[in-house]
Amino acid sequence: MTAMQVVFLVTAVVTLGGAVMVVTARNLVHAALWLILTLFGVAVMFALLNAPFFTVVQVVIYIGAISILMIFAIMLTRRVMQDSGPQVNPGWWMSILLALLLFGGVDPLLALGKALVSPDGYVLPFELASVLLLAALIGAIVVAWEKKS
Amino acid sequence: MISLSYYLVFSAALFCIGLYGVLARKNAVAVLMGIELMLNAVIVNVLAFWRFRTPELIAGQAFAVMVFAVAAAEVAVGLALFISIYRRRHTVAADEIDLLKW
C-alpha cells in the first residue's frame with residue numbers, strides 16, 4: 001500500500017464521515033461546519049487527482065463563499081435552527097432506501113451519459129441547457145429581491 | 001497508484017449521502033447542503049474521468065468549471081429564495097412551505 005493510497009483512504013473516510021454528519025446533525029450550524037470539513041476533504045481529492053487549480057477553486061469558492069453564505073442563511077432564518085422537533089421527514093427510511101438503490105444500480109444510465117457528452121451526440125443542447133439554467137437562476141435573484149417601497 | 005474505480009465509488013457514496021440529505025431533511029438550508037454534497041460528488045467524478053481517461057483534453061476541466069459555476073449560482077439563488085420565504089412565512093421547514101400543495 002503506497003502513501004498515496006493511505007492518503008486517499010484517510011481522506012475518503014473523513015470526507016464521507018463528515019458528509020454523514022452533515023445530513024444527520026441536529027444543530028444546523030454544526031451541519032455547516034461539518035460541510036466545511038467535507039469540502040476540504042473533496043479539495044484533497046482534487047489534489048490527489050493532480051488538479052491543483054480545482055483544489056484552489058474548491059477552497060476559495062466552496063469553503064470561502066458558499067459555506068459562509070450557508071452560515072449567513074442559517075443565522076438569518078434563526079427560529080428553525082433551534083427547533084427541538086424531529087429534523088427529518090416521517091418517510092426518511094424511503095430516502096435511505098432510494099439512496100442505497102441508486103448506489104447499487106447506476107449502470108442503466110451508461111448510454112445516456114455517453115450520448116450526452118459525445119461530440120456527435122447532444123453536447124450542444126447540453127451546453128445550451130446550461131446557459132438557459134444560468135439565465136433562469138439570475139432571473140430568480142431578481143424575483144427574490146426585496147422591493148423597497 | 002489509486003485506480004479510477006476508487007474515486008468513482010467514493011463519489012457515488014458522497015452523492016448518495018447528499019441524496020439522503022436532500023430527501024430526508026426538513027430544513028430547507030439543510031436540503032441545500034445535501035445538494036452541495038451531490039454537486040461535489042459530481043465534480044470529483046468529472047475530474048476523475050478527466051484524469052484517468054483523457055488527461056490530454058481540456059474538456060473534462062471545462063465541464064468541472066461549468067459545474068462549479070452552476071453550483072455557485074444555485075446556492076446564491078436558493079439562499080435568496082429561503083430568506084424571501086422566511087420573511088413572508090417565518091419558516092424554512094420544507095414541509096411547512098406548502099402553498100402549492102393541493
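# Notebook: two chains of helices

I began with helix H1 of chain A and asked which of its residues are buried. In H1(A), the buried residues are A:Ala12, A:Thr15, A:Gly18, A:Ala19, A:Val22 and A:Val23. These residues cover an arc of only 140° around the axis, which puts them on the same side of H1(A). I noted that this is a predicted model.

I recalled the rule behind such a pattern. An α-helix has 3.6 residues a turn, so residues three or four places apart point the same way.

Next I turned to the opposite face. The face of H1(A) pointing away from the buried side carries exposed residues: A:Ala3, A:Val6, A:Val10 and A:Val13.

What covers the buried residues of H1(A)? I found that the cover includes helix H2 (28-48) of chain A. Helix H1 (4-24) and helix H2 (28-52) of chain B are also part of the cover.

**Where the chains meet**

I looked up how many residues of each chain take part. I found 53 residues of chain A in contact with 51 residues of chain B. On the side of chain A that touches chain B, at least two residues each come from H1, H2, helix H3 (52-76), helix H4 (78-81), helix H5 (92-104) and helix H7 (123-144). I then sorted the residues of that side by type: 43 are nonpolar, nine are polar and one is charged.

**The largest core**

The largest nonpolar core holds 59 residues. Which residues have the most contacts inside this core? They are B:Val29, B:Met33, B:Val44 and B:Leu47. Both chains contribute: H1, H2 and H3 of chain A, and H1, H2 and helix H3 (59-89) of chain B, each supply at least two residues. H2(B) gives the most, with 15 residues.

I went to A:Tyr62, which sits in helix H3 of chain A. Is A:Tyr62 buried or exposed? A:Tyr62 is buried, because 25 other C-beta atoms lie within 10 Å. Neighbours within four places in sequence aside, A:Tyr62 is in contact with A:Leu39 and A:Ser67. I also compared A:Tyr62 with A:Val42: they are 20 residues apart in sequence and 10 Å apart in space, C-alpha to C-alpha.

Then I looked at A:Asn50, in the loop between H2 and H3 of chain A. A:Asn50 counts as exposed, because it has 12 C-beta neighbours inside 10 Å. I noted its backbone as well. A:Asn50 has a positive phi of about 60°, although it is not a glycine. Most residues other than glycine have a negative phi.

**Chain B as a whole**

I counted three helices and zero strands in chain B. Along the sequence, the pattern reads α-α-α. The radius of gyration of chain B is 17 Å, well over the 13 Å that the globule rule gives for 102 residues, so chain B is more spread out than a compact globule. The C-alpha atoms of chain B fill a box of roughly 50 × 25 × 25 Å along the principal axes. Of the 102 residues in chain B, 45% are buried.

How values were computed
Residues are numbered from 1 along each chain as its sequence is written. Chains are lettered from A and ligands numbered from 1 in the order in which they are written. This is a predicted model: local features need pLDDT of at least 70, side-chain atom pairs count only at pLDDT 80 or more; totals for chains, interfaces and linings use all residues. A residue is buried if 20 or more other C-beta atoms lie within 10 Å of its own, exposed if 12 or fewer, and partly exposed in between; C-beta atoms are placed from the backbone. Helices (H or I, at least four residues) and strands (E, at least two) are DSSP runs, numbered from the N terminus. The arc is that of the directions from the helix axis to the C-beta atoms. Two residues are in contact if their C-beta atoms, placed from the backbone, lie within 7 Å. Ala, Val, Leu, Ile, Met, Phe, Trp, Tyr, Cys and Pro count as nonpolar, Asp, Glu, Lys and Arg as charged, and the others, Gly among them, as polar. A nonpolar core is a set of buried Ala, Val, Leu, Ile, Met, Phe, Trp, Tyr and Cys residues joined through C-beta atoms within 7 Å. The radius of gyration is taken over C-alpha atoms; the globule rule is 2.2 Å times the number of residues to the power 0.38.
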